[in-house]
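Thanks for coming. Have a look at the model first.

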Amino acid sequence: MIEVKQLVKSFKDGLVETRVLKGIDLSVENGEFIAIMGRSGAGKSTLLYQISLLDEPTSGHIHINGKEVHMMSEEEKMLFRLAEFGYVFQDYALLPELTALENVALPLIMQGLSKAAANEKAARALGRVGLGARLNNLPSQLSGGEQQRVSISRAIAHEPDVLFADEPTANLDKESSSTVMDIFKELHAGGQTIIMVTHEEEFAAFAERIIKIDDGRIVSDTKL
Amino acid sequence: MFSLLNIRVGFYLALRQLRRASRWTTSLIVFVMLLTFLNLVVVTGLLVGIVAGISNQYRIQETGDVVITALDTKDYIENSPQIISFLQTLPQPEATSARYIAAGSVEANYFSRIDPNEKANKSGASIVGIDPVAENEFSNLSSYVGEGSYLAPSDYDTVLLGPQFVDRYSFGEQPGLTPLKNVYPGTKIRLTINGFTREVVVKGILDVPANSPLAARVFMPAAELRQMMERTDYSVNEIAVLLKPGADAAAFRDLLKRSGVGERAKVRTFDESIPNGVAEVQNTFAMIGNAIGSIVLVVAAITIFIVIFINAITRRKFIGILKGIGISGSAIEISYIFQSLFYAAIGSTLGLGFLYGFLVPYVSAHPIVLPISNAIIVAPVGGTFMRIGLIVLTTIIAGYLPSRMIVRKNTLDSILGRN
């Protein structure tokens, strides 16, 4: 479903060009739970950003459901991110002036749902991660673990094809991290495709496939 | 950009951002918008009001709503008594004043002048003969007496002096108008008309601004002036008519013209009789007001731009997240436009309430006393709403531009806080 060929990503700082990804080949099937691992600076988050259409690769090809990403307009990419993808960020990335319910409902409204329908769907998604009683709390009134669960709810409320998670447990304590990983496990059991970046072996073990990256190249691709 | 969906999402975001924004920040921005509104409307309104005050002085002190004067070919209004009688039969006039007007001179300190070659303390003057009771009903002339007292119908050899003739009130010497020294109520002065000189007593001195039509006039009872002018009939030089509230001056003028008055005299409304210079000054002041208003508008636009820009730049990460999760850039920009509109709308609404609920009625009741006139605030509703439109338009642009600048930045750079 996702096909990556010879993906290169470079960053320029004046005359100095740094190649972070050096020709990545990768394919992701529907329903897979993939953990991308590697030491700090190996290029794992950069790879995730390219696949999830948050960034533009320097060269190479990404095909999603047979469609070449390179040919998509910004508008198409935006619509793709809205409808087909879900994102969980390391720092939760919730909007501070929106309640938990509103944070989750906002992308649904952008998809054209009425406010009532969006709220209903958002409440259901929040209920799924155990936050049914915290719908009207602002992010500042929630713990780190709860905020990350709101972030997961936002990512899954519209039932995306792929859920991207960038170090989802990095800012959480052990208990909250386990809760988040349990949610991922449950989602995966329901058929959700998940691509997760992590540097923690313990949580990578929840995935069914571990891709290790070092110095911008895939050094191992293991199915558990 | 302005699809229904983008507007919906933009409104959804704006509403929540405003609801949960710092109340102090919101109050400050609204206060800036309120001041912008007042500055824009009141400065122009006051400048125009200064001239309106001057114009109004002419209306209430001299011409009334309709003024009848001699034809260009005549020195006086023929058949004046018939015209005055006709006016008394009509329901529209509230007060009427018929005046005799003659060019003459006034002289003071002639007792103390020893050397015949010494320049006389003398000034040219417009002498106005009035019925003290009718004139007082018309212009409330007695209320302007600053020193001494008002004329009585039975007075003889007494005059009221405009302040321009008295050196302690006047703005200095002007061509043909030399202020009289040592003149107080009770002082004797010489009045000369058509070569006839009479010694009269100053009964009162008027206290009005220099540009008041009363400032350079000498008032005396009509019968005495008629005598000095050697006018044997009762033909006056000017009949000023003040109409009842709501009466249409143009319609009344037409009525007088149709009834034959127009054949014997010039009949003009106040607007037609106002000196050209006053209208030009009024237009000039309005232009100055608009120029100042434009500067105020630019300052307000910069203020809103800075406020929205700081807001957008501090929220750059969240704007990146919004774009990242698929919220369109247009919806985000529209949310900032809505926020700007909110500030402009609340500021202007508060300004409207303050302007028409307090400022305009208060200043109308208590005009601002300035050396040249008693100024009011002229703020026609149409003009005010046009200025609100300008504020709203400026605010939309000032809110849109900075949000557009931030929204256009790379999504991932915004999320990660990279430059």
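Take contacts in chain B between residues at least 6 apart in sequence: 80% of them join residues at least 24 apart. A contact here puts two C-beta atoms, placed from the backbone, within 7 Å.

A word on the source. This is a predicted model, in which local features need pLDDT of at least 70, side-chain atom pairs count only at pLDDT 80 or more, and totals for chains, interfaces and linings use all residues. Residues are numbered from 1 along each chain as its sequence is written, while chains are lettered from A and ligands numbered from 1 in the order in which they are written.

Now the overall dimensions. Chain B has a radius of gyration of 32 Å, but a compact globule of 419 residues would be near 22 Å. That radius is taken over C-alpha atoms, and the globule rule is 2.2 Å times the number of residues to the power 0.38. Along the principal axes, the C-alpha atoms of chain B fill a box of roughly 100 × 55 × 30 Å. Of its 419 residues, 44% count as buried, that is, with 20 or more other C-beta atoms within 10 Å of their own C-beta, again placed from the backbone.

Secondary structure next. Chain B has 13 helices and twelve strands. These are DSSP runs, numbered from the N terminus: helices are H or I with at least four residues, strands E with at least two.

Which strands pair with E7(B)? Pairing needs at least two DSSP bridges between two strands. E4 of chain B, residues 145–148, runs antiparallel to E7, residues 196–206, with three bridges. There, B:Gly148 has B:Gly204 as its bridge partner. E5 of chain B, residues 158–161, is parallel to E7(B), over four bridges. B:Thr158 faces B:Val201 in that strand. E6 of chain B, residues 188–193, is antiparallel to E7(B), with six bridges. B:Thr192 sits opposite B:Thr197. The hairpin of E6(B) and E7(B) has two residues between the strands, and B:Asn194 takes a positive phi near 50° in it.

Last, the interface. The contact takes 17 residues from chain B and 18 from chain A. On the chain B side, H1 (4–19), H10 (316–324) and H13 (411–416) each supply at least two residues. H1(B) gives the most, with six. By type, that side divides into nine nonpolar, five polar and three charged residues. Nonpolar means Ala, Val, Leu, Ile, Met, Phe, Trp, Tyr, Cys and Pro; charged means Asp, Glu, Lys and Arg; the others, Gly among them, are polar.

Technical notes:
Buried ≥ 20, exposed ≤ 12 C-beta atoms within 10 Å, placed from the backbone.
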